[in-house]
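Subject: Structure for you to look at

Hello,

I am passing on a structure for you to look through. My notes on it follow below.

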Amino acid sequence: MVGKVVIGALVGVLVSVGASSAQQVEVPREKAGVVVHSQTVAIVETSHSSPPKVSIEQMRQAGALAAQKVREENHEIETDASPPDSPAPQAKKQISANAVRPIDRPSHESDSAAAQPISFSGQMAFTKLADGFDLPVGKPDGRGYYKARGMRAQGHLGEDWDGVGGGDTDLGDPVYAIGDGVVVFARDCHQGWGNVIIIRHAYRDGLGVRNVDSLYGHLQKILVHRGQAVRRGQQIAAIGNAHGLYDAHLHLEVRKNIAIGMSRDKFAQDFSNYYDPSEFIASHRHLQTSGASYRIAMNTFTYDSRIHWDQLRNYSHARTGGGSSESAYALKKAVASQSATAH
């Protein structure tokens, strides 16, 4: 539209100039038409009769009128809705509609895990990519220990590892990091947990670099601190009994979801958030790694900030004596297996 207004104004001025000179304009026949936006403006020969003269002031007024038309056209393009075939105005409106806004903060009154984004709080750490994973006791293959209880969705979300001597014979035994990583949690949680460590690992698989958390519970003592980088097979703790609540054993969890922390009730208690620890370790014993450091988030536990740890008490009811017939059966099986191997 702007082009039409400008061309029209220029043609008007040219015709006026030609008329004022009272001369015949000769145009070759093959150049007699000029195509502008699929419309032909014909330049015709002027007659020999003298047309009325156009003053310079009238020409200035005509130019001012043309300029005004251009300004009006530009104003319409910027403010009115643009047609579908006008990408530039549409892009301008899209940028305006998608202006940057502050990120919404998660509501502290909502208990929906799906509605809670992971908050990193700007705290980052660096770790080597794990070159593989081992069992946390009797390294690297759990020799001298047995899996007293396995993982069960909607129930026991990890594994319990006991010494083959039974009872408290493994109290104070070393607990090792299952792989290279960074300690993201280390403290006494009281209740049925006792001392707990959580280590975050980065490892490479076919889909790229992933993170996984390993949790070590019921510890007698903690030998590492939050933010500390640890190596595969490094001693991080000693086996405990949750302040006397259980017979000594290690509770181990491996989590896909690094937002869980100590708030397990806020998340689905199944294989969508957890790995079977033994299966994960067995399938990731040897991994490719470049030896380079990888950045991980430290502060991903959305709900743990609401827990007042120092106000919690230790559970004090009687010991379970190892927990169940499942534990006793596992012990007999483990001892028989190791005896057969020894012979």
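A salt bridge here is a side-chain nitrogen of Lys or Arg within 4 Å of a carboxyl oxygen of Asp or Glu. Arg 264 and Glu 253 make such a bridge, with the closest N and O atoms 2.5 Å apart. Glu 253 belongs to strand β12 and Arg 264 to the loop between β12 and β13 (274–275), so the bridge ties together parts that are 11 residues apart in sequence. Please keep in mind that this is a predicted model.

Salt bridges

Glu 253 also meets the side chain of Arg 255 in a salt bridge, at 2.8 Å from N to O. Both Glu 253 and Arg 255 are buried, with a relative accessible area of 0% in each case. Arg 264 is partly exposed, at 23%.

The structure holds 12 salt bridges. Another of them joins Arg 232 to Asp 134, at 2.9 Å from N to O. Arg 232 sits in the loop between β10 (229–230) and β11, and Asp 134 in the loop between β3 (124–128) and α4 (138–142), so this pair ties together parts that are 98 residues apart in sequence. Asp 134 is buried, with a relative accessible area of 12%, whereas Arg 232 is partly exposed, at 23%. The two residues belong to a network of salt bridges that links Asp 131, Asp 134, Asp 141, Arg 232 and Arg 285.

Aromatic residues

There are 6 aromatic pairs in the structure. In one of these, the ring centres of Tyr 275 and Phe 280 are 4.9 Å apart and the planes are at 40°, so the pair counts as tilted. Phe 280 is buried, at 2% relative accessibility, and Tyr 275 is partly exposed, at 22%. Lys 256 lies over the face of Tyr 275, at 5.0 Å from the ring centre.

Nonpolar cores

The largest nonpolar core has 28 residues, and Phe 133 is one of those that touch the most other members, along with Val 175, Ile 197, Ile 199, Tyr 216, Ile 236 and Leu 250. At least two residues of this core come from each of β8 (195–205), β9 (208–222), β11 (235–239), β12 (250–255) and α5 (277–283). Apart from this core lies another, of 16 residues, including Ala 125, Val 182, Val 196 and Met 298.

Phe 133 has contacts beyond its neighbours in sequence, among them Tyr 203, Phe 280, Arg 232 and Arg 285.

Regards

Key:
Residues are numbered from 1 along each chain as its sequence is written. This is a predicted model: local features need pLDDT of at least 70, side-chain atom pairs count only at pLDDT 80 or more; totals for chains, interfaces and linings use all residues. Side-chain values use heavy atoms; hydrogens and water are left out. Rings of Phe, Tyr and Trp (its six-membered ring) pair if their centres lie within 6.5 Å; planes under 30 degrees apart count as stacked, over 60 as edge-to-face and the rest as tilted. Buried means under 20% relative accessible area, exposed over 50%, partly exposed in between (1.4 Å probe, protein chains only). A charge sits over a ring if NZ of Lys or CZ of Arg is within 6 Å of the ring centre and within 35 degrees of the ring normal. A nonpolar core is a set of buried Ala, Val, Leu, Ile, Met, Phe, Trp, Tyr and Cys residues joined through side-chain atoms within 4.5 Å. Helices (H or I, at least four residues) and strands (E, at least two) are DSSP runs, numbered from the N terminus. Contact means heavy atoms within 4.5 Å. Lists of a residue's contacts leave out its neighbours within four places in sequence.
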